[in-house]
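Let's take a friendly look at the aromatic side chains of this protein. The sequence and the structure come next.

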Amino acid sequence: MPESTLELSQELSRELPQELFRELPQEPSRDLTAANGPGLRTAVSRQQDPHGAAEELGQALRHAELGFVLFFCSAEYPLDILATALSETFARIPITGCTTAGEITPQGYERGCIVAIGFDRRYFSVAAKLIENLEGFDLPRAQHVTDHLLETCRRRALAPISGHSFALTLLDGLSSSEEQVLATLDAAFGSIPSFGGSAGDDNRLAHTHVYAEGCFHSRAAIVVMVNTRLPFEVFTTHHLRPCEEKLVVTRVDRERRRVLELNAVPAAEEYSRLVGLPIAQLDASVFARCPLAVRIGDTYYVRSIQRVNDDNSLDFYCAVENGIVLTAMQPAPMLEDLERVLGDLETHLGPPGLIIGCDCFLRRLELEALDQITPASELLGRARVIGFNTYGEQHHGMHINQTFTGVAIGTGREIEGR
């Protein structure tokens, strides 16, 4: 028996496709490969009415072979009403998603809308699982989640699981449990590549949500497993380069990701000295331009600052520990880096059918400050990126910041085996 209503709905959608869609308005038949890659459709609604927005997405995405819907939405919507509207519109079709700090649509960066992707069951076998009680998430639970997702995908696997599957994680962006959840999931995934993003709330840093089983949930996560014969590549990139100056975390509140002291000085005072600005001027735009990073091997993983507190401590988006050394980072041209990465993906896979992108909201703030949103949007649109601005990104079990992370799905010959 399926373990959740989400999985039950997925089984029903496989077993009753024709009965399900007879009562739904159908758009004229068209080639599913025309607008996106094989088996992929995308849609965006800018309607503020939740029922109108959900129906607009339904009209664009529904077809007899629709097997799964993934969406990203502004937290401005009344979420309880939107949850009901999405459930009614897509009926037994499994659907999941999260709230955002901005959306990436076919037109690039936007706000205040809903963007969605429809997956054709003939090209993608998709399973999803809701994880609640993130604080108590451990390896046995991670293994149980992963085993169940793999079993669900195998029931109608389109290709061998190994080499033909990837995982997407969507987490409550304010749960402070990302590291624990991601590390345990990564151990359970084994060789299956994974990526994801932390839900946002339009830069309010108050309430973030993921959606599954007909409801929006806080302090929860969604894991999506995708099996396909189509070529794909999971990737991550950032445009930040290390400087010489180092800061040592000398006092920390680990549970709250709060650094009290850097170099034995109140953290905000030492950071303000580093960036050459008074504490009163430290805000998200400064944090975006002047981040810190921890070095592991030869790789720098950004640890972005969230806010300054009244006691001159600093809250971070990622875990911080006593004794770690943080390296000051400086930005290189972001668009040059992004264009290079997107070009490399096209070289590897051919023209992309779709890129699901998780882009840190601090990167967007930097682009806005540099007046580069329009060229960035044009670049994302040409590359067929659909996604959202996050409060943190995930890549192969690591929780990271200020990156552009995702999966590129190709349009070339389906992979028969490796």
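One end of our tour is phenylalanine 216, which is buried, with a relative accessible area of 14%. This model is predicted, and every value here is computed from it.

A pair of aromatic rings is described by the distance of the centres and the angle of the planes. For phenylalanine 71 and phenylalanine 216, the centres are 6.2 Å apart and the planes meet at 85°, so the pair is edge-to-face, given that an angle over 60 degrees counts that way. This pair links distant parts of the chain: phenylalanine 71 belongs to strand β2 (residues 66-74) and phenylalanine 216 to strand β11 (residues 215-217), 145 residues apart. Phenylalanine 71 is buried too, at a relative accessible area of 0%.

Now for a tyrosine pair. The ring centres of tyrosine 317 and tyrosine 391 lie 6.0 Å apart with their planes at 40°, so this pair is tilted.

| Residue | Relative accessible area | State |
|---|---|---|
| Phenylalanine 71 | 0% | buried |
| Phenylalanine 216 | 14% | buried |
| Tyrosine 317 | 4% | buried |
| Tyrosine 391 | 1% | buried |

Finally, Phe68, Phe119 and Phe124 come together as one aromatic cluster.

How values were computed:
Residues are numbered from 1 along each chain as its sequence is written. This is a predicted model: local features need pLDDT of at least 70, side-chain atom pairs count only at pLDDT 80 or more; totals for chains, interfaces and linings use all residues. Side-chain values use heavy atoms; hydrogens and water are left out. Rings of Phe, Tyr and Trp (its six-membered ring) pair if their centres lie within 6.5 Å; planes under 30 degrees apart count as stacked, over 60 as edge-to-face and the rest as tilted. Helices (H or I, at least four residues) and strands (E, at least two) are DSSP runs, numbered from the N terminus. Buried means under 20% relative accessible area, exposed over 50%, partly exposed in between (1.4 Å probe, protein chains only).
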